[in-house]
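Biologist: I would like to learn how to read strands, helices and backbone angles in a model. Could we go through some features together, one at a time?

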Amino acid sequence: MTEFRNFIAGSWSEGASQSPNINPSDTRDVIGTAARASRAEAEAAVEAAHAAAPLWAASTPQQRFDVLDRIGTEILERREELGRLLSREEGKILAEGSGEVMRAGQIFKFFAGEALRQTGDVLASVRPGVTVDVRREPVGVVALITPWNFPIAIPAWKIAPALAYGNTVVLKPAELVPGSAHALAEIISRSGLPAGAFNLVGGKGSDIGPVLTSHPKVKAVSFTGSVPTGRGIARACAENLKKVQLEMGGKNPMVVLDDADLDIAVAASLNGAFFSTGQRCTASSRLIVTEGIHDRFVARMTEALKKLVVGDALDPATQIGPVVDERQLAQDLDYVDIARGEGGKVAFGGERLNREKPGFYMAPALITETTPGMRINREEVFGPVASVIRVKDYDEALAVANDCEFGLSSGICTTSLKYASDFKAKAQAGMVMVNLPTAGVDYHVPFGGTKGSSFGPREQGRYAAEFYTTVKTAYTQP
Ligand code: NAD
């Protein structure tokens with residue numbers, strides 16, 4: 001049986017207890033056992049990161065480049081193998097699994113470059129003869145807490161900038177996906193990083209999470225996950241005066257206007273709403289469609305949904321893999337019932353599917369005749385469920401799109417430059433997509449949202465420096 005262990009101070013450990021890692025496409029397939037760290041082990045990981053901090057903070061840009069570049073190279077070389085492991089434990093299809101692994105490798109390569117491209121300012125002081133320089137320094141020990149839906153890309157987009165800017169790390173991945181985190185830790189362990197500069201602790205967030213968010217030696221916490229957990233982490237960080245960055249839920253709108261290219265609108269909506277089994281924070285869960293194109297759009301979406309192959313994530317013919325676990329599946333099915341009870345019409349799917357292997361399969365659900373106030377249009381489902389809202393015109397579409405407590409990604413399908421330009425300016429979201437799915441982003445530009453979706457500085461691209469560094473202003477009189 002494969003053991004997915006903790007990695008603390010350069011050594012592997014079994015943890016205080018273990019939990020099984022189950023394949024959601026075939027629940028008889030136990031991928032391995034995952035170590036659950038005790039609170040004492042979580043504390044030891046923080047101590048190790050603290051002890052390694054001065055050494056890594058003093059590393060040269062070349063050393064940082066070499067470590068990150070080596071990590072990126074090995075990830076890219078093992079893309080298919082690691083993608084398969086990811087698909088086996090999380091349930092996204094093979095193409096998505098290996099695509100995510102490739103993304104993780106690219107992120108390490110990008111931040112390898114960033115380690116060399118450091119910037120600062122030298123300015124004349126307002127006082128005669130004095131110069132001022134402004135430089136970025138590491139924050140110290142950072143705790144990274146990640147969700148299950150991107151088991152290697154999200155850890156990568158936190159670990160890579162953390163190390164590039166000279167911080168040391170304690171990673172706490174989601175319990176459902178210990179294999180990908182373990183594989184990443186193994187690669188990092190061979191990269192030439194000093195012992196203790198990177199640590200991995202598995203286990204229940206409610207158990208060891210509070211150790212990380214309250215320990216005085218942790219200086220910053222970067223979290224991706226659900227809103228309730230994020231709020232709790234923000235409270236703990238405020239109490240302990242830690243820097244905090246939160247990436248949380250979404251209820252992302254995709255506006256389809258009468259003048260849209262219908263092929264593009266259907267392809268973008270199908271991808272945005274249902275690929276990766278709809279388990280993306282940027283998923284297009286609200287399809288806001290103007291009345292002139294509404295019926296044609298729904299008919300084409302329904303036709304396309306009928307053709308989607310739902311099945312074993314490891315079968316190359318599969319287009320939609322299983323839901324991640326029983327609890328998430330129950331939540332997805334519940335929301336279909338809630339929508340039905342509120343007056344929505346299930347135009348397609350929404351039921352549990354039986355396949356040859358026992359797994360958490362669900363027919364992607366398209367719910368029509370919904371209105372903005374319904375729960376299905378206000379709460380995050382986090383599964384293959386999308387609702388359609390019929391609107392009169394662009395102005396109403398924009399108002400409905402913005403009528404939401406989340407603000408992560410917002411999309412529009414239109415051939416009108418006027419509406420596309422207006423939407424880019426007025427959409428209340430951190431990311432706006434024109435004729436593209438709301439999900440699917442680049443790794444060299446900022447990622448994050450507004451309103452209830454995000455808190456703190458942006459992730460990814462050069463903007464990541466904002467969170468992973470602190471600024472020092474030095475005045476010199478020669
Ligand atoms: P979750 O909030 O249940 O868990 C996320 C992480 O927090 C896990 O590692 C968990 O163990 C840990 N955790 C739980 N309780 C904790 C505590 N008290 N203290 C510290 N850590 C704790 O989220 P999930 O179910 O793993 O992921 C799904 C959610 O993630 C969805 O809401 C989705 O929208 C969101 N998400 C957001 C983004 C984004 O960038 N905005 C990206 C992916 C996923």
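Predicted model: local features only at pLDDT ≥ 70, side-chain atom pairs only at ≥ 80, totals over all residues.

Modeller: Strands of a sheet pair through backbone hydrogen bonds, either parallel or antiparallel. Here strand β13 (residues 252-256) and strand β14 run parallel and are joined by 5 bridges, and within that pairing M254 has L287 of β14 as its bridge partner. Between the two strands the chain passes through helix α9 (residues 262-274), and this β-α-β crossover is right-handed.

Biologist: Which other strand is joined to β14, and by how many bridges?

Modeller: That is strand β19 (residues 385-391), which runs parallel to β14 and is joined to it by 5 bridges; in this pairing I288 stands opposite I389 of β19.

Biologist: Is strand β14 buried or exposed?

Modeller: A residue counts as buried when its relative accessible area is under 20%. In β14 (residues 284-290), 7 of the 7 residues are buried, so the strand is largely enclosed by the rest of the structure.

Biologist: What does an antiparallel sheet look like in this model?

Modeller: There is an open sheet of 3 strands in the order β6-β7-β25, with antiparallel pairing. Its edge strands, each pairing on one side only, are β6 (121-124) and β25 (469-476), and neighbouring strands are turned against each other by 25° on average, direction ignored. Between β6 and strand β7 (residues 131-138) there are 4 bridges, and V122 stands opposite D133 of β7.

Biologist: How should I read the packing of helix α1 and helix α7?

Modeller: Look at the distance and the angle between their axes: those of α1 (residues 39-57) and α7 (residues 205-214) come within 9 Å and cross at roughly 30°. Angles under 35 degrees count as roughly parallel, so α1 is roughly parallel to α7. The contact involves R39, A42, E43 and V46 from α1, together with D207, I208, V211 and L212 from α7.

Biologist: Which residues have a positive phi although they are not glycine?

Modeller: Most residues other than glycine have a negative phi. Among the residues that have a positive value here are A9, with a phi of about 55°, and S276, with a phi near 55°. A9 lies in the loop between β2 (6-8) and β3 (11-13) and is partly exposed, with a relative accessible area of 40%. S276 is in the loop between α9 and β14, and at 7% relative accessibility S276 counts as buried.

Notes
Residues numbered from 1 in each chain as written. Heavy atoms only, no water. Buried < 20%, exposed > 50% of the residue type's maximum accessible area, 1.4 Å probe, protein only. Pairing = 2+ DSSP bridges. Right-handed = clockwise from strand over helix to strand, strands pointing away. Axes fitted to C-alpha atoms, helices over the stretch in contact; angles between N-to-C directions. Parallel < 35°, antiparallel > 145°, perpendicular 65-115°, else oblique. Contact = heavy atoms within 4.5 Å.
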